[in-house]
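I'll jot things down as I look them up.

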Amino acid sequence: MFVERLPDEGPGGQHTEVSVINTVDTSHEDMIHDAQMDYYGTRLATCSSDRSVKIFDVRNGGQILIADLRGHEGPVWQVAWAHPMYGNILASCSYDRKVIIWKEENGTWEKTHEHTGHDSSVNSVCWAPHDYGLILACGSSDGAISLLTYTGEGQWEVKKINNAHTIGCNAVSWAPAVVPGSLIDQPSGQKPNYIKKFASGGCDNLVKLWKEEEDGQWKEEQKLEAHSDWVRDVAWAPSIGLPTSTIASCSQDGRVFIWTCDDASGNTWSPKLLHKFNDVVWHVSWSITANILAVSGGDNKVTLWKESVDGQWVCISDVNKGQGSVSTSVTEGQQNEQ
Amino acid sequence: MEELDGEPTVTLIPGVNSSKKQMCFDWGPGEMLVCETSFNKKEKSETVPGCPVIYIIRKDVDVYSQILRKLFNESHGIFVGLQRIEEELTGKSRKAQLVRVSKNYRSVIRACMEEMHQVAIAAKDPACSRQFSSQVTILVLQGRLDEARQMLSKEADSSPTSAGMCRILGDLMRTMPVLSPGTTQTLTELELKWQHWHEECERHLQDGTFASSPHLESLCKIMLGDEAALLEQKELLNNWYHFLVTRLLYSHPTVKPIDLHFYAQSSLDLFLGGESSPEPLDNILMAAFEFDIHQVIKECSIALSNWWFVAHLTDLLDHCKLLQSHNLYFGSNMREFLLLEYASGLFAHHSLWQLGVDYFDYCPELGRVSLELHIERIPLSTEQKALKVLRICEQRQMTEQVRSICKILAMKAVRNNRLGSALSWSIRAKDAAFATLVSDRFLRDYCERGCFSDLDLIDNLGPAMMLSDRLTFLGKYREFHRLYGEKRFVDAASLLLSLMTSQIAPRSFWMTLLTDALPLLEQKQVIFSAEQTYELMRCLEDLTSGRPVHGEPDAQRLQDDDIETTKVEMLRLALARNLARAIIKEGSLEGS
């Protein structure tokens, strides 16, 4: 049997592996600061210095503007989608010190709650795992972290952790929900005893881990020290059923660390340097099955990293700005660590 | 330190360009978003206008290819069949099975290739047809000597001058020794015969038998495996591995597998002739000729645009026990790692994800958790799709996912005012809180409209009624209406009363219940006993004395005070009358 070469696709006879499948013109009048897909990848929320939050339906490669939400009085830094079991809910945080929670009711998006408990810009919002209920963590430049819990009938309860980070808190990220002990089917209406935890990163160069005590108060459980400058982002990896916990942190110092904790031993977190970049690293994020870490740096690139055979982190792709497109591939080699 | 196999390659996002800006991004379930931004948060906006466009990018767009879809579907069937092959089968029967699987895969691949070929040909200029001589040459190059001979004999008939030569060449073609299946001929015997035949061809060449026809002479040289002659036909050969096969057919027909890679390498070199360098596909084939499984897998992972081939190949090799595992963090071995990658890619497709489920099932380490993470992200655009997803989760006892999905659907239904649907989803999710919420909505609807929706559902709740108090009340209240409709007044009355006395009915509903009691109080015959009437009176007083009721805001109450007062008066009157009649009835002897 003769093997025939398959007809080549794409320009120059190369197989394009990473393709742009949709472009969404947001018509934001100023810099975009965040863009987030909803749970299913059908809707896109964006926020901008033009003070608006926009929501688009992006199914089937299209773009339909669903909502143009106004309410913030300053640049909006981040948006976050809540789990769909609570309905269509979006949180946004802004330089104007406010956190606004928006909800879709009867087909229209409206402001459903406004949180004004911070004295300075709110930099980061993150919804807790849906198992805990509807809880939002907010990190602010006033150094505090506030936790908003929905208690029903339009009411939100606020807990505040003052001075979580000196100078300011830049990022918050929840740990995945893990039920301690065996998972017995609880009788209906009774919630299993989750131990709620989240991580925060701040201008004190620290990553901190927080835990909810039995009395409902939040306590600082751990300090993770490795960065030599402001921590810009933290991301707690989704759970894949292994006993280890993993957190990624990135900093003004150009470093990205992967922190792991072997839960069997308890509370020892060990950092591994992913890479030292030449510029500030602003944003880290895990893919949904936690096997790829995306890192966004000041050097105009988004790089994708994967853990290889021997526990080393390998860069598998560079997503860059510019013209044209080039084929990508997955390598199993190693990158030189500095 | 290991050498880097290849630089991580770069994808350039078009249109986003600035030396001062960065890219922010987010993960979607199957894709990524990127857009231009400036992370240096300043309050004042930039004077240089930014790019307001967000790019959604995806790996593995092949999953959307129409032609490949059939390949994915059919190979899925073969894959699942392979996993289920009896482990007890050993030796020859197992080997035969595995070979059959391989052949199935190959035929599916071939079908796909033929389809692609059709598409490619359709695009080509139909006007270019080959000359006769080229056609014969191609046949000879492909070893299809019978067909070549037939064409030559036609040529012989039409052209008497070359008839003689054609016949001789045809004879040579006919007599080339080949290994036919089922003969008792040994390899050595074949080699000997072939040597003689080869020498005969050589003699004809030396004698100049075909001297007057360059075309026929060239054919003879080809059949002698003459490298130069073969290389002259580069265009017809198309690529180096065709060249390899033709070359070996006519020079080393009994070559041993372990020697293949020598000839492969030299064929590659000769064919490329230093003009071009090997391409990724070439590297894969070279590794295959060296029987270096790991290298093949590695090269495929690099060169190919999706995981389909390398995942299925590795799986088959693993079943053949030809694969020694590497230990990888993701997937305890290579096979699982590749299958997980492939299956994850399938989940990006709106219907192919169903194939992915089976692949995850056969990944013992991380398949289940990967499935859990992916299946929750499937948009539940239709009821049918939701049910499909739920069935898959339920079959695998993924109770958390079932619960989560049912809650999502219940919420969606409530938003769209489909209360019956919302109720059945909350029951399926075993979500008491939500069931209470939906039941409240039902009751509110009833108060407003005076009738129930979704009667079928409420009537047939069965044990699910116990999920929440409010739901139980809803079910029982509906039962009350049914009893009333069937004119079983005494039963209806007892039920009504018990709803209040057992505290199952929310206080906010008591007025409605008492009002429901009115027609029963005013029937000709006495329905409520004296004791029951006392109970009702107590409930009424309880209710009226407690106003305003704590924690149960009822705006209506404030507005309709007049109506309420009238109602209460009516009830008191009716109750008093009934009490009187009941006492009389109970105090009298039967028949008097």
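This is a predicted model: local features need pLDDT of at least 70, side-chain atom pairs count only at pLDDT 80 or more; totals for chains, interfaces and linings use all residues.

Started with a pair in chain B: B:Arg335 and B:Asp315 are both buried. I checked the contact, and they form a salt bridge with the closest N and O atoms 2.7 Å apart. B:Arg335 sits in helix H15 (residues 334-346) and B:Asp315 in helix H14 (residues 308-319), so I have a link between distant parts of the chain, 20 residues apart.

Next I looked at B:Lys407, which forms a salt bridge with B:Asp431 at 3.9 Å between the closest N and O atoms. B:Lys407 is in helix H19 (residues 399-415), while B:Asp431 is in the loop between helix H20 (419-428) and helix H21 (432-449), so this pair ties together parts 24 residues apart in sequence. Buried or exposed? B:Lys407 comes out partly exposed at 23% relative accessibility, and B:Asp431 is buried at 11%.

Over to chain A. I found a network there, with A:Glu73, A:Lys98, A:Lys111 and A:Glu114 joined by salt bridges that share partners. Over all chains, the salt bridge count comes to 37.

A:Arg43 and A:Glu104 also pair up, closest N and O atoms 3.4 Å apart. Since A:Arg43 is in strand E3 (residues 43-48) and A:Glu104 in strand E8 (residues 99-105), the bridge ties together parts 61 residues apart in sequence. Both of these residues, A:Arg43 and A:Glu104, are buried.

I get 52% strand and 0% helix for residues 25-66, with end C-alpha atoms 13 Å apart. For residues 224-259 I have 58% strand, 0% helix and ends 9 Å apart by C-alpha.

Definitions and conventions:
Residues are numbered from 1 along each chain as its sequence is written. Chains are lettered from A and ligands numbered from 1 in the order in which they are written. Side-chain values use heavy atoms; hydrogens and water are left out. Helices (H or I, at least four residues) and strands (E, at least two) are DSSP runs, numbered from the N terminus. A salt bridge is a side-chain nitrogen of Lys or Arg within 4 Å of a carboxyl oxygen of Asp or Glu. Buried means under 20% relative accessible area, exposed over 50%, partly exposed in between (1.4 Å probe, protein chains only).
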